[in-house]
Amino acid sequence: MSNYCAGCRYDPAQRTGPKACPFTALYWDFLLRHDAMLANNPRTAMQARHAARLTPAQRRDITDHAARFRAAIGGT
Ligand code: SF4
């Protein structure tokens with residue numbers, strides 16, 4: 001497999017923090033915002049279960065981090 005992230009200043013394994021990959025943070029934020037819908041779809045239920053295991057503090061960190069990314073690019 002290729003590692004397209006090798007030279008990036010971000011770490012794709014980190015959801016939050018200064019080295020968190022924006023795509024990783026936004027992915028987890030998407031899972032949290034749409035958990036009910038994703039949990040009812042057999043193709044996405046596993047991802048929803050992974051998101052359901054996050055602690056309230058982890059959820060808050062992801063939500064805050066993703067909001068900062070969206071604000072930085074002019075999103076909502
Ligand atoms: S921004 Fe994220 S997905 Fe893109 S290269 Fe960097 S670590 Fe990889």
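Visitor: Which residues surround the ligand?
Guide: In this predicted model, the ligand is surrounded by Tyr4, Cys5, Cys8, Tyr10, Pro12, Cys21, Pro22 and Phe23.

Visitor: Now the helices. At what angle do H1 and H3 pack?
Guide: Helix H1, residues 22-33, and helix H3, residues 45-52, pack at about 95°. Their axes are 9 Å apart.

Visitor: Why call them roughly perpendicular?
Guide: Angles of 65 to 115 degrees count as roughly perpendicular, and therefore H1 and H3 are described that way.

Visitor: Which residues meet there?
Guide: H1 brings Trp28, Leu31 and Leu32, and H3 brings Gln47, Ala48 and Ala51. By class, this contact of H1 with H3 has five nonpolar residues, one polar and no charged.

Visitor: Different topic. What makes up the largest nonpolar core?
Guide: Eight residues in all: Ala20, Ala25, Trp28, Leu31, Leu38, Ala51, Ile62 and Ala66.

Visitor: Which helices supply at least two residues of this core?
Guide: H1 does, and so does helix H4, which spans 56-72.

Visitor: And which gives the most?
Guide: H1, with three residues.

Visitor: Back to one name in that core, Leu38. What is Leu38 in contact with, leaving aside neighbours within four places in sequence?
Guide: Leu38 is in contact with Leu31, Thr44, Gln47 and Ala48.

Note on methods:
Residues are numbered from 1 along each chain as its sequence is written. This is a predicted model: local features need pLDDT of at least 70, side-chain atom pairs count only at pLDDT 80 or more; totals for chains, interfaces and linings use all residues. A residue is near a molecule or strand if its C-beta atom, placed from the backbone, lies within 6 Å of it. Axes are lines fitted to C-alpha atoms, for helices over the stretch in contact, and angles run from 0 to 180 degrees between N-to-C directions. Helices (H or I, at least four residues) and strands (E, at least two) are DSSP runs, numbered from the N terminus. Angles under 35 degrees count as roughly parallel, over 145 as roughly antiparallel, 65 to 115 as roughly perpendicular and the rest as oblique. Two residues are in contact if their C-beta atoms, placed from the backbone, lie within 7 Å. Ala, Val, Leu, Ile, Met, Phe, Trp, Tyr, Cys and Pro count as nonpolar, Asp, Glu, Lys and Arg as charged, and the others, Gly among them, as polar. A nonpolar core is a set of buried Ala, Val, Leu, Ile, Met, Phe, Trp, Tyr and Cys residues joined through C-beta atoms within 7 Å. A residue is buried if 20 or more other C-beta atoms lie within 10 Å of its own, exposed if 12 or fewer, and partly exposed in between; C-beta atoms are placed from the backbone.
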